[in-house]
Amino acid sequence: MKPEKINRIALVLLSAAALGLPLVVRSATYLHILVLLYFYAYLTTCWNLVGGFAGVLPLGHAAFVGIGAYTSTILSLQYGVSPWLGMIVGGLLAAGVGILIGLPTFKLRGAYFALATIAFSEGLRVMVENIDRLGPFTINGPRGLQIPPLDTGLTNFMFAGKEPYYYSILVMLAGVLFLTYRISRSKLGYALNAGGEEPEAAMALGIDVARTKLIAMALSSFLTALAGTFYAQFTLYIHPKSIISLDLSFEIAFIALIGGRGSIAGPVLGALLLRPVSDFSRIYFGDTLPGMHLIIFGVVLILVMNFQPRGLQEPLTRLYQKVVNRLFHWGALEAAR
Amino acid sequence: MIYMIEDTINGILMGSIYGLTALGLTIIFGVLKVINFAHGSLLMVGMYAAYWAVALTGLHPYLTLVLVVPVMFVFGYYLQDIVIQPIFRAEKNVREPITVIIVTTGVWYILDNLTLLVFGPHYRTIQVNPLRGRMLEIGGLMISVPKLWGFVSAMVAAAAVYVFLQRTRMGRAIRATSLDRDAASLMGINPYKVYNVAFGIGTATAGIAAVTLVPFYNVFPTVGVLFDIKGFIIVVLGGLGSIGGAILGGIIIGLIESVGPQFMTATWTEAIVYGLFLLVLFVKPAGLFGVKYDW
């Protein structure tokens, strides 16, 4: 068997496993945890478009989640617009905001961009907390918005069970992974990588570094906002402190960095490794050892940055390659015999 | 009118304390070219140190300076030496390594949550406090005495750091490293040693800020986060790496926070601060008083 064929079989097996998982996992709690795991993997993959490929450090992606969630929820609650349509509107709004943040800061040194994203996200949270009505829209300040679970169904993006949500976020995750894969092999992907690693050299090659970063930022914020709508429809309740929170922004960045930024598998791997840690330590140590999972995150982060600055995907990818090569040689030997 | 003057004075005093909390941030950025996300947590550690020093020995709160400042210097020195330096060595060729920023974030999470684990989420205030609620009355104006001392210590600390950087041999080495790390190391300066010292000084100034805050501020595990975000805003307003800018930036924030509520709901002042920050970032990223270079 050729390595490419083995890769393809592994991918098919993985997809089959992901599709079949809800048939095995019947508990609503575990399904909920899985949905959130995919949600984080999705967010981190979006983050990776800027934070990984473009080589800057965005620390306010929760703002885009919030924009997506609030836009679609306000439109559907107060104007009867389907959340699917609201999702797109929220995405476009977020892309505009992403460009607005990136426009002045991508020309500056890296620290400024990180600080600007934090300040924007915190500023947005304070605004939302203080505004009850914005023109014709009810925002409801710190009380947040509740979506009454009345009309379930595909057009309303609202379901009675957890399984439909599981498949929605799985499709979204698969889509964004495919998109990342295509981008990483496109001219834009190479330009982003070059601009992130060596901006001067990239500019000398005629790459408009700031422009490619802006495109990545717009794409990333658009896709992140889509997940915001998903989150609102999944939990049916959004309020500024939980959705536009620095903790969410930082958790996304942590998952990406521990998994391996700038790689396609890294974000998913990071979510697979870290989400269970935070879920289970919250379930088992939540009362006795508060904040335990954040200590673990911090320690793991420092260790990974020290020993595997490219993230945990690097050694794991190497291991996988080794196994594939073994299989290939073994297959060749069998054939020769 | 009298309230207006009182608010203005109060804003300047509190603002200078904000500036003092951000002083270390600007020193560390100036030399290491890295935003220290753990700075608020270091302030929090200093506040706990001062709190326990007062609670256990019954010292006058300001006398804990002799204890807290050296302890914080050593803490910062070895934090940089043991935790952060290896990453710097690994990314020698990158001017502003992102991985280092991330490691300071890890330090932040560890320190805050360890404190939560050990001391619990309670708000603590020192019990034996000769400064509690002390007011100075000048011609009908009421001025908080601990905040006045905070103002004085902010000015003294900023001046002391400035003189240290300008007049001493180590200060010159720090400035040289800040300007050009490679050229400095060709002159026989060990840049990693300089980083340790700069980080130690930054942490020590956070210790001074902590001691001046403890007499009138609650101590709790996430107290640092409040000052962290404020600190980032202050240093960008004043110009990253500028010592005078940090104090002036702090005073601007303090003034907005204390005079603002005269004109709007108090919570809106926070939004104004973020708005001003983004405006400065977009229009004049070098900061209001920033130098073109980092020092």
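# Salt bridges, rings and a chain contact

Tutor: Let us begin with Glu122(A) and Arg125(A), whose side chains meet in a salt bridge at 2.9 Å, N to O. Before we go on, this is a predicted model: local features need pLDDT of at least 70, side-chain atom pairs count only at pLDDT 80 or more, and totals for chains, interfaces and linings use all residues. Residues are numbered from 1 along each chain as its sequence is written, chains are lettered from A and ligands numbered from 1 in the order in which they are written, and side-chain values use heavy atoms, with hydrogens and water left out.

Student: Why is the meeting of Glu122(A) and Arg125(A) called a salt bridge?

Tutor: The term asks for a side-chain nitrogen of Lys or Arg within 4 Å of a carboxyl oxygen of Asp or Glu. Arg125(A) and Glu122(A) have N and O at 2.9 Å, so the pair meets the rule.

Student: How do you know that Glu122(A) and Arg125(A) are separated by about one helical turn?

Tutor: Both residues are in helix H5 of chain A and stand three residues apart, which means about one helical turn. A helix here is a DSSP run of H or I with at least four residues, numbered from the N terminus.

Student: What makes Glu122(A) count as buried?

Tutor: Buried means under 20% relative accessible area, exposed means over 50%, and partly exposed is in between (1.4 Å probe, protein chains only). Glu122(A) has 7% relative accessibility, so it counts as buried. Arg125(A), at 12%, is buried too.

Student: Which salt bridge joins Arg125(A) to Glu129(A), and over what N to O distance?

Tutor: Their side chains meet at 3.2 Å, N to O. These two residues lie four residues apart in H5 of chain A, again about one turn. Glu129(A) is at 17% relative accessibility, therefore it is buried. A network of salt bridges links Glu122(A), Arg125(A), Glu129(A) and Lys241(A).

Student: What makes Asp279(A) and Arg275(A) a salt bridge?

Tutor: Their closest N and O atoms are 3.2 Å apart, within the cut-off, so the name applies. Both are in helix H12 (residues 265–285) of chain A, four residues apart, which means about one helical turn between them. Asp279(A) and Arg275(A) are both buried. Over all chains, the search finds eight salt bridges.

Student: How many salt bridges are counted between chain A and chain B?

Tutor: The count there is zero. The rule also finds zero residue pairs in polar contact across that interface, with both residues at pLDDT 80 or more. A polar contact is a pair of N or O atoms within 3.5 Å; within protein, one must be able to donate a hydrogen and the other to accept it, and residues adjacent in sequence count only if both atoms are side-chain atoms.

Student: What do chain A and chain B bury between them?

Tutor: They bury about 3600 Å², with 80% of it on carbon and sulfur atoms. Buried area is the accessible area (1.4 Å probe) that two parts lose on being put together, summed over both. On the side of chain A that touches chain B, the elements giving two or more residues are helix H4 (83–105), helix H5 (110–130), helix H11 (246–259) and helix H13 (292–307). H5(A) supplies the largest share, 14 residues.

Student: What makes Phe250(A) and Phe37(B) an edge-to-face pair?

Tutor: The rule gives 34 aromatic pairs over all chains. In this one, the ring centres are 6.0 Å apart and the planes stand at 75°, so it is edge-to-face. The pair crosses between chains, from helix H11 of chain A to the loop between helix H1 (2–32) and helix H2 (39–57) of chain B. Rings of Phe, Tyr and Trp (its six-membered ring) pair if their centres lie within 6.5 Å; planes under 30 degrees apart are stacked, over 60 edge-to-face, and the rest tilted. Phe250(A) is buried, at 1% relative accessible area, and Phe37(B) is buried at 1%.
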